[in-house]
Amino acid sequence: MPVAPWRRSRRPPSRRPLRPWQAPLALAIVVNAAALGYHLTQGWDWGDSYWMVLITISTLGFSDPHTQVLNAEGRVVTALLIAGGLVVVQLTIQALLGLSESGYYRRIRERRFRSWLSTMHNHVILCGYGRIGREIGEQLAREGVPLLVVEMDPERQAAAEERGLPVVMADATLDETLIEAGIYRCRSLVAALPSNAANLYVVLSARGLAPQCRLIARSDSDEAGRKLRQAGADAVVSPYVSGGRTMAATALRPLAVTFMDLLAGSDCEVEEFQLSSNSEDLGKLAGASLAEVQLGRRTGALVLAIVPSLSQGEGDGDQGLIANPSSDVRLEAGQMLVVMGSKEQLERVEQLLGPALKSVDAMAN
């Protein structure tokens, strides 16, 4: 059924917002036109003409005692300049408000943030800033480790930003999000999302993108932990299991737990030095004892334990940890050395081992 002409609603034509360059262009036109008017009507040079435009359009008034008296044509130019200045100011305010409403400044901030993200390296990507994620962020921030949070919840995003942490507001299970977060340049990724399925997707995506990246995932059950390891997680941590072990250790060995807490707040660190599985890479270190290497005397670090390689475990029938190794223990290909010391001492250990090293991973800070 056709609608009567008088019942048709007529919307006023939408006013097109000004572009960012239009307001400065309008101001330049007004300033130069007024200066030209003073130059032609008053016979002033360009310096006096632009000075007159400046004190007029800035509303400072004719406070300069050397300002010459205007004739009738000059007063007309001044009146037009005042009117044009008011219009230009109004257009400028409208343009600024239009840019704010259109999200122009937000896009500028996002572009700068993405540019800054591309410069991050050797950082930790934290997926999820819940209760577990906040504790992880506090510990890493206390140690001065670069941290990037990936979160979708606005409240958790605000909580992370209040702590001064950079946040990527995106879905951590997507490949493009991990690429934007710098998965190829990070030292490790922590999947601390509240859902086991979400953590599984994060691990799968991260392992497919960066096979060498160290992945740590949160798990709420043994089944989920087993699947996360199958998906490629290097370590799976259950907050319930870890909490229970800590409470049991506190009840049985309170001094040991206190020592670990003190270690976490000190300058000492514990790192894993993985030796190459190729004996040729070890060179003179292959078969050398700790006494012959003189690792402790030359670096000042302390070897806490040695984890035998798989081949050693199969041959010796013992795959256990060699805690507090004696000076007679010999270095073999595939072993992992657990060493404690300051950053400078651990750097000297890395330099001493040199080409024999396959990787260096921080265990505790």
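Before that, some ground rules. The model is predicted, so to speak of local features we need pLDDT of at least 70, and side-chain atom pairs count only at pLDDT 80 or more, while totals for chains, interfaces and linings use all residues. Residues are numbered from 1 along each chain as its sequence is written, and side-chain values use heavy atoms, with hydrogens and water left out.

I start with the sheet. Six strands form an open sheet with parallel pairing, in the order E3-E2-E1-E4-E5-E6. Strands here are DSSP runs of at least two residues, helices (H or I) are runs of at least four, and both are numbered from the N terminus. Two strands pair if DSSP finds at least two bridges between them. E3 and strand E6 (235-237) stand at the edges with a single partner strand each, so one side of each has no neighbour in the sheet. On average, neighbouring strands of this sheet are turned by 20 degrees against each other, direction ignored. For angles, axes are lines fitted to C-alpha atoms, for helices over the stretch in contact, and values run from 0 to 180 degrees between N-to-C directions.

Strand E4 (residues 188-191) and strand E5 (residues 214-218) run parallel and are joined by four bridges. Ala191 has Ala217 in E5 as its bridge partner. Helix H5 (residues 131-142) packs on the sheet and touches strand E1 (124-127), strand E2 (147-151), E4 and E5. Contact means heavy atoms within 4.5 Å. The direction of H5 makes about 160 degrees with that of E1.

Last, strand E7 (residues 269-275), where Glu271 is found. Glu271 is buried, at a relative accessible area of 14%; buried means under 20%, exposed over 50% and partly exposed in between (1.4 Å probe, protein chains only). In E7, seven of its seven residues are buried. E7 pairs with strand E10 (residues 336-341) in the antiparallel sense over six bridges, and Phe273 stands opposite Leu337 in E10.
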